[in-house]
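Take a look at the fold below. The text then walks from single residues out to the whole chain.

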Amino acid sequence: MSRKKLDIRAIPGAGIICAIISVIFWSTAGLCIKLSDDVHALEVLTISAIIQSVIYLSVMLYQKVDYLGHKNERIYLFLRCTLGTVSMACLYTSYRLIPLSDATTIRFTAP
């Protein structure tokens, strides 16, 4: 018996479904950060980053992908990681300082 691979492009509206799921998860994460007063937002960011790094690194090792990127593109990868971390730190801190609806709206209006 042969198993067919799932082609996500064959599902009608898959992109819209994934976008809706993404919005639900982002909003739920923001709500959890807003409601947890005893845990600092940057602690949540650090724990989230560690979990994501372990998952991504294990997938990259399984797929045999060079996790440092191509030699001539490493500076761009480093800048993307650094600026992404600063962006997420600002976002998680904004969840504490301004109303949740405003912070979420600002997050989704960025390109």
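**Starting at a helix end**

Leu35 sits in helix H1 (residues 14-35). Helices here are DSSP runs of H or I with at least four residues, strands are runs of E with at least two, and both are numbered from the N terminus. The model is predicted, so local features need pLDDT of at least 70 and side-chain atom pairs count only at pLDDT 80 or more, while totals for chains, interfaces and linings use all residues. Residue numbers start from 1 along each chain as its sequence is written, and side-chain values use heavy atoms, with hydrogens and water left out.

Is Leu35 buried or exposed? Leu35 counts as exposed, because its relative accessibility is 63%. The classes are buried under 20% relative accessible area, exposed over 50%, and partly exposed in between, with a 1.4 Å probe and protein chains only. Leu35 and Asn72 are 37 residues apart in sequence, and their C-alpha atoms are 43 Å apart in space.

Now move to helix H2, residues 41-63. Leu42 belongs to helix H2. Its relative accessible area is 36%, so Leu42 is partly exposed. Leu42 touches Ala89 and Thr93, leaving aside residues up to four places away in sequence. A contact means heavy atoms within 4.5 Å. From Leu42 to Val65 the sequence gap is 23 residues, and the C-alpha to C-alpha distance is 29 Å.

The loop between helix H2 and helix H3 (74-97) holds Lys64. What is the phi of Lys64 near? The value is near 60°, which is positive, and the residue is not glycine. Most residues other than glycine have a negative phi. Lys64 is also exposed, because its relative accessible area is 75%.

**A buried tyrosine**

Tyr92 is placed in helix H3. Its relative accessible area is 6%, so Tyr92 is buried. What does Tyr92 touch, not counting residues up to four places away in sequence? The partners are Trp26, Ile33, Ala41, Val44 and Leu45. Tyr92 and Lys34 are 58 residues apart in sequence, yet 8.9 Å apart in space, C-alpha to C-alpha.

**The cysteines**

A disulfide is a covalent bond between the sulfur atoms of two cysteines. The search counts a pair of cysteine sulfur atoms within 2.5 Å. Over the whole structure, it finds zero disulfides. Cys81 is partly exposed, because its relative accessible area is 43%.

**The whole chain**

The secondary structure comes to four helices and zero strands. From the N terminus on, the order is α-α-α-α. The radius of gyration is 18 Å, whereas a compact globule of 111 residues would have one near 13 Å. That radius is taken over C-alpha atoms, and the globule rule is 2.2 Å times the number of residues to the power 0.38. Along the principal axes, the C-alpha atoms fill a box of roughly 55 × 40 × 25 Å.

Buried residues make up 13% of the 111 residues. The accessible surface comes to about 9,400 Å², and 69% of it belongs to carbon and sulfur atoms. Among contacts with a separation of 6 or more, 66% join residues 24 or more positions apart.

The protein chain has 11 positive and 7 negative side chains. Lys and Arg count as positive and Asp and Glu as negative, while His and the chain ends are not counted. The centres of the two sets lie 13 Å apart.

Note on methods:
Accessible areas come from the Shrake-Rupley method with a 1.4 Å probe; for residues, only the protein chains shown count as cover. The place of a charge is taken as NZ of Lys, CZ of Arg, CG of Asp or CD of Glu.
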